[in-house]
Each structure stands twice: as structure tokens, then as C-alpha cells.
Amino acid sequence: MKTVKKTSIFPASKKKVFSPLLKLKTLQYVAYPYATFTPMHGTDCMSWEVGSISRFKFRLFGIIPFGIHTIHVIRFGLDDGIYTHEGNEHVPIWNHEIILEELPGNRCRYTDKVDIDAGWKTIFIWLWAKCFYDHRQRKWIKMLRGKI
């Protein structure tokens with residue numbers, strides 16, 4: 001197992017960052033073009049509630065089919081942060097934690113921490129994930145600054 005951890009200072013309060021986390025469109029925006037998530041149930045609504053399970057057609061770079069990605073919500077709350085068990089047939093373990101910490105000056109520290117286990121493919125998935133989370137946090141900052 002390998003871990004990716006990426007932290008950035010976001011130009012918004014913890015509460016302002018948490019609100020967009022409730023929307024599938026946010027995930028789709030910050031992931032693109034590294035990954036695309038298309039809901040299996042055909043609707044753009046998804047439930048970010050403890051115990052909920054969502055399934056998506058997952059494509060690398062929007063074109064390479066990479067299986068059905070499952071997200072099982074373990075923890076989800078403004079004060080508790082977010083923790084999900086995710087994975088698919090190629091990457092069986094993708095445990096993702098989002099940590100939000102309030103900072104002075106209407107800012108927050110945002111951390112993505114992901115534990116990855118994909119057998120012999122782990123090193124390659126880990127390298128892709130490092131780039132993915134760098135990209136994802138840059139897009140978050142762009143979105144929060146209103147540049148989208």
C-alpha cells in the first residue's frame with residue numbers, strides 16, 4: 001500500500017469549501033481531464049451520507065475505460081471531515097480522506113490523503129494519483145477564486 005498526501009491553503013472558509021463537496025458537479029469539474037465520473041444510475045444527484053454507496057463509469061483522461069468506480073461514504077461532516085472507501089476492479093483499495101481545517105483570514109487548509117493498493121500496479125497508480133491530486137487542488141483554488 002502507498003499513500004498520497006496533498007495539502008493546500010484554500011482562499012475560502014471551511015464552510016464555503018464544504019458546501020460544493022456535496023455536489024457531483026464539483027467532483028466532475030476538479031477531476032477533469034485526469035478522470036471522468038459518469039453515474040451508473042443516470043442522474044447527477046448523489047447522496048453524500050454516511051453509509052451511502054455510489055457507482056460511476058470511470059475513465060482515465062476521459063477516454064480510457066477503467067471500470068466501475070465505487071464510493072462508499074464512511075464519514076461525512078463539516079467538523080468530522082470526509083472519509084470514503086473507494087475502488088474498482090483495477091484499484092481495489094482507494095481510501096480517501098479529506099481534512100478541512102479553518103484558518104484565519106477566511107481561509108482553510110485542505111488535505112487529500114489517499115491510501116492506494118492495486119497489487120503490482122500500485123506504484124503506477126500512486127504516480128498518477130500524485131499528479132491527479134496536484135491538479136485537483138489547483139482546480140479547487142481556481143473555482144474558489146471565481147475563475148470558472
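Me: How many bridges join strand S3 to S4?
Reply: This is a predicted model, in which local features need pLDDT of at least 70 and side-chain atom pairs count only at pLDDT 80 or more, while totals for chains, interfaces and linings use all residues. Residues are numbered from 1 along each chain as its sequence is written, and side-chain values use heavy atoms, with hydrogens and water left out. Strands are DSSP runs of E with at least two residues, helices are runs of H or I with at least four, and both are numbered from the N terminus; two strands pair if DSSP finds at least two bridges between them. Strand S3 covers residues 53-60 and runs antiparallel to S4, and the number of bridges joining them is 7.

Me: Which residue in S4 is the bridge partner of serine 54?
Reply: The strands S3 and S4 run antiparallel. In S4, the bridge partner of serine 54 is isoleucine 71.

Me: What is the order of the strands in the open sheet?
Reply: The sheet has 7 strands with antiparallel pairing. Its edge strands are S1 and strand S2 (35-39), each of which pairs on one side only, and the twist from one strand to the next averages 25°. Read across the sheet, the order is S1-S7-S6-S5-S4-S3-S2.

Me: At about what angle does H3 run to S1?
Reply: Axes here are lines fitted to C-alpha atoms, for helices over the stretch in contact, and angles run from 0 to 180 degrees between N-to-C directions. Helix H1 touches S1, S4, S5, S6 and S7, with contact meaning heavy atoms within 4.5 Å, and its direction makes about 150° with that of S6. H3 lies across S1, S2, S3, S4, S6 and S7, and its angle to S1 is about 10°.

Me: Which residue forms a salt bridge with aspartate 134?
Reply: A salt bridge is a side-chain nitrogen of Lys or Arg within 4 Å of a carboxyl oxygen of Asp or Glu, and the whole structure has 5 of them. For aspartate 134 the closest N and O atoms are 3.6 Å apart, and the partner is lysine 6. Because aspartate 134 lies in helix H3 (residues 122-144) and the partner in strand S1 (residues 2-10), the pair ties together parts that are 128 residues apart in sequence. The residue asked for is therefore lysine 6.

Me: Is lysine 14 buried or exposed?
Reply: Lysine 14 forms a salt bridge with aspartate 79, the closest N and O atoms being 3.7 Å apart. This pair links helix H1 (residues 14-21) with the loop between strand S4 (64-77) and strand S5 (81-87), 65 residues apart. Buried means under 20% relative accessible area, exposed over 50%, and partly exposed in between (1.4 Å probe, protein chains only). Aspartate 79, at 67%, is exposed, whereas lysine 14, at 13%, is buried.

Me: Which side chain is joined to that of histidine 96 by a polar contact of 2.7 Å?
Reply: Histidine 96 is placed in strand S6 (residues 93-103) and counts as buried at 6% relative accessibility. Leaving aside residues up to four places away in sequence, histidine 96 touches several others, among them Tyr83, Asp112 and Arg136. A polar contact is a pair of N or O atoms within 3.5 Å; within protein, one must be able to donate a hydrogen and the other to accept it, and residues adjacent in sequence count only if both atoms are side-chain atoms. The side chain joined to histidine 96 in this way belongs to aspartate 112.
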